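Please read them with the structure open.

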Amino acid sequence: MAIASLVCGIVSVVFSTMLHWIVYGVSYNSVCVYLGLITGIAAIVLSILASRQNAMFAGGRPALGGQNTMILVGLILGIVGFLFGFIGLMTCEVCFCLCASPEEKFAREFYRYFG
């Protein structure tokens with residue numbers, strides 16, 4: 001489970017940062033951002049389950065083989081990937097709502113500075 005949490009954490013960070021690439025003109029499907037959020041949650045859950053399993057089998061002693069490191073890195077990457085995806089998605093939704101408003105002047109100024 002430690003390896004699975006690490007892989008899910010890495011995938012989460014990669015997919016959730018793809019939203020930033022929209023600004024620079026890279027076109028892709030927004031499903032990647034949702035996959036980043038889902039794999040971030042999966043990485044967090046798998047890290048918690050792996051740490052409980054690790055503590056249960058080790059009998060309270062620290063486990064050998066670096067599994068604690070993989071669990072910790074998977075947890076950190078899962079949290080970071082989830083937060084990047086969530087913040088990026090909410091920011092993008094707010095921008096789309098503001099740009100769809102009837103105030104065309106604001107939309108033109110926004111695209112002039114950021115588009």
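1. The model is predicted. A nonpolar patch lies on its surface, formed by Ile79, Leu83, Phe86, Ile87 and Met90. Together these residues have about 440 Å² of accessible area.

2. Phenylalanine 86 sits in helix H3, which spans residues 67-99. Its relative accessibility is 40%, so phenylalanine 86 counts as partly exposed; the class runs between the buried limit of 20% and the exposed limit of 50%.

3. Is serine 12 buried or exposed? Serine 12 has 0% relative accessibility and therefore counts as buried; the cut-off for that class is under 20%. This serine belongs to helix H1, residues 2-16.

4. What does serine 12 touch, leaving aside residues up to four places away in sequence? The contacts are Gly36, Thr39, Gly40, Leu77, Gly78, Gly81 and Phe82.

5. On the overall fold, the protein chain has four helices and zero strands. Along the sequence the pattern reads α-α-α-α. Of the contacts between residues at least 6 apart in sequence, 76% join residues at least 24 apart.

6. On burial and surface, the protein chain has 115 residues, of which 25% are buried; serine 12 is one of the buried residues. The chain exposes about 7,700 Å², and carbon and sulfur atoms supply 74% of that area.

Note on methods
Residues are numbered from 1 along each chain as its sequence is written. This is a predicted model: local features need pLDDT of at least 70, side-chain atom pairs count only at pLDDT 80 or more; totals for chains, interfaces and linings use all residues. Side-chain values use heavy atoms; hydrogens and water are left out. Helices (H or I, at least four residues) and strands (E, at least two) are DSSP runs, numbered from the N terminus. Buried means under 20% relative accessible area, exposed over 50%, partly exposed in between (1.4 Å probe, protein chains only). Contact means heavy atoms within 4.5 Å. Patches are made of residues with over 30% relative accessible area and no salt bridge: like charges are joined within 9 Å, nonpolar side chains (Val, Leu, Ile, Met, Phe, Trp, Tyr) within 5 Å. Accessible areas come from the Shrake-Rupley method with a 1.4 Å probe; for residues, only the protein chains shown count as cover. A salt bridge is a side-chain nitrogen of Lys or Arg within 4 Å of a carboxyl oxygen of Asp or Glu.
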